[in-house]
Amino acid sequence: MNGKTLYFAAAVGTAWLWAMNSPALTLEYQFYPTQTVPSSQTWTANFGTDDSETIIPNHYLQITDNDSGDPGYFYTRSVPVGDINSETDWQVRTQVRLTSYGSSPADRGLYSMFVGDGSNLVIWGMRLDGSGNTRVFHATSIGGENTLAASVTGNPFLEIVSTKTTGANPGSFSDDTVLLQVFDFGGNLLGSATQNLGNIGIASSTRQVLFGLSASPSFGTAQVIGATFGIGENAPLIIPEPAAAALGLFGGLLLWRRMRQR
Ligand SMILES: [Ca+2]
Ligand SMILES: [Ca+2]
Ligand SMILES: [Ca+2]
């Protein structure tokens, strides 16, 4: 065995050990390129009879909750017991906007995402405030506001990322933090809030991830381009619409030509 082979064997051994110690799993809904509903991408759809789920071609998935009595369309997948526990790092990501909203009481989220790690549920929510702003927040167990991350003028599409990081103590989740970040589509950070998992975790044995209109007193419409989850790794990036991707490629070509001409 020469030096090169030894190095390769050591690298493989390290990778295998890392995989054994840190199970990693991604779960995702991507509107592009197939433009299908989440149930066509292995998600379980939950909804009431009055609610609707529509593909708006070349744009987004549109979901509507039509009543204050039950939730609207939301989507779940279970996470195998070996892939998550309360000390697992995770990240969730979505691109979404709300186009209508109502609720009583008024602080309840409409669109939300959650991760259940077998000990805690961690939820963030999103609503309109009645004064023309979109609010994104760490949520309480009933979907109300716990800690505001951003209040954004109007209702533009936003990219929302929540990242859970295990603290220094690997035996306890009480020192773990959850960072909730809100970006515009230019990549600008519009607001963020960090909370301790001990303050926002809701005791639950559920091992599941969720996105959609999961709060019952609220109602309204959300438009969704993607929702992705990384368990033990970063959440996958959301696939842009083909026209935007082509434009990006075109821009890249122009830059390359300009650099070559220097
Ligand atoms: Ca409903
Ligand atoms: Ca910890
Ligand atoms: Ca509802």
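Analyst: A nonpolar core is a set of buried Ala, Val, Leu, Ile, Met, Phe, Trp, Tyr and Cys residues joined through C-beta atoms within 7 Å. Buried means that 20 or more other C-beta atoms lie within 10 Å of a residue's own, exposed means 12 or fewer, and partly exposed is in between, with C-beta atoms placed from the backbone. The model here is predicted, so local features need pLDDT of at least 70 and side-chain atom pairs count only at pLDDT 80 or more, while totals for chains, interfaces and linings use all residues. Residues are numbered from 1 along each chain as its sequence is written, and chains are lettered from A and ligands numbered from 1 in the order in which they are written.

User: What makes up the largest nonpolar core, and which residues have the most contacts inside it?

Analyst: The largest core holds 53 residues, and L110, V136, A222, V224 and F229 have the most contacts inside it. Strand 16 (residues 219–231) gives this core its largest share, six residues. Across the protein chain, 36% of the 262 residues count as buried.

User: Which residues does A222 touch?

Analyst: Contact here requires C-beta atoms, placed from the backbone, within 7 Å of each other. Setting aside residues up to four places away in sequence, A222 touches I63, V96, L98, L110, Y111 and L213. For the protein chain, among contacts between residues at least 6 apart in sequence, 68% join residues at least 24 apart.

User: Why is strand 6 called largely enclosed?

Analyst: Strands are DSSP E runs of at least two residues and helices are H or I runs of at least four, both numbered from the N terminus. Ten of the 13 residues of strand 6 are buried, so the rest of the structure largely encloses this strand. The chain comes to three helices and 16 strands.

User: How do you know that strand 6 and strand 16 pair, and in which sense?

Analyst: Pairing calls for at least two bridges found by DSSP between two strands. Strand 6 and strand 16 have twelve bridges, in the antiparallel sense, with R93 standing opposite T228 in strand 16. Strand 6 also pairs with strand 11 (residues 158–165), in the antiparallel sense over seven bridges. There, V92 has S162 in strand 11 as its bridge partner.

User: How many bridges join strand 3 and strand 4?

Analyst: Strand 3 (residues 52–56) and strand 4 (residues 60–65) share five bridges and are antiparallel. I55 is placed opposite L61 in strand 4. Their hairpin has three residues between the strands, and N58 has a positive phi near 65°.

User: Why is R135 called buried?

Analyst: R135 has 21 other C-beta atoms within 10 Å, so it is buried. This residue sits in strand 9 (residues 133–139). Beyond four places in sequence, R135 touches M126, R127, D129, L148 and S151.

User: What makes the phi of Q35 and of T42 worth a look?

Analyst: Most residues other than glycine have a negative phi, and most peptide bonds are trans. Q35 has a positive phi near 55°, and T42 has one of about 70°. Q35 lies in the loop between strand 1 and strand 2, and T42 is found in that loop too. Q35 is partly exposed because 16 C-beta neighbours lie inside 10 Å, whereas T42 is exposed because it has 11.

Conventions. Two residues are in contact if their C-beta atoms, placed from the backbone, lie within 7 Å.
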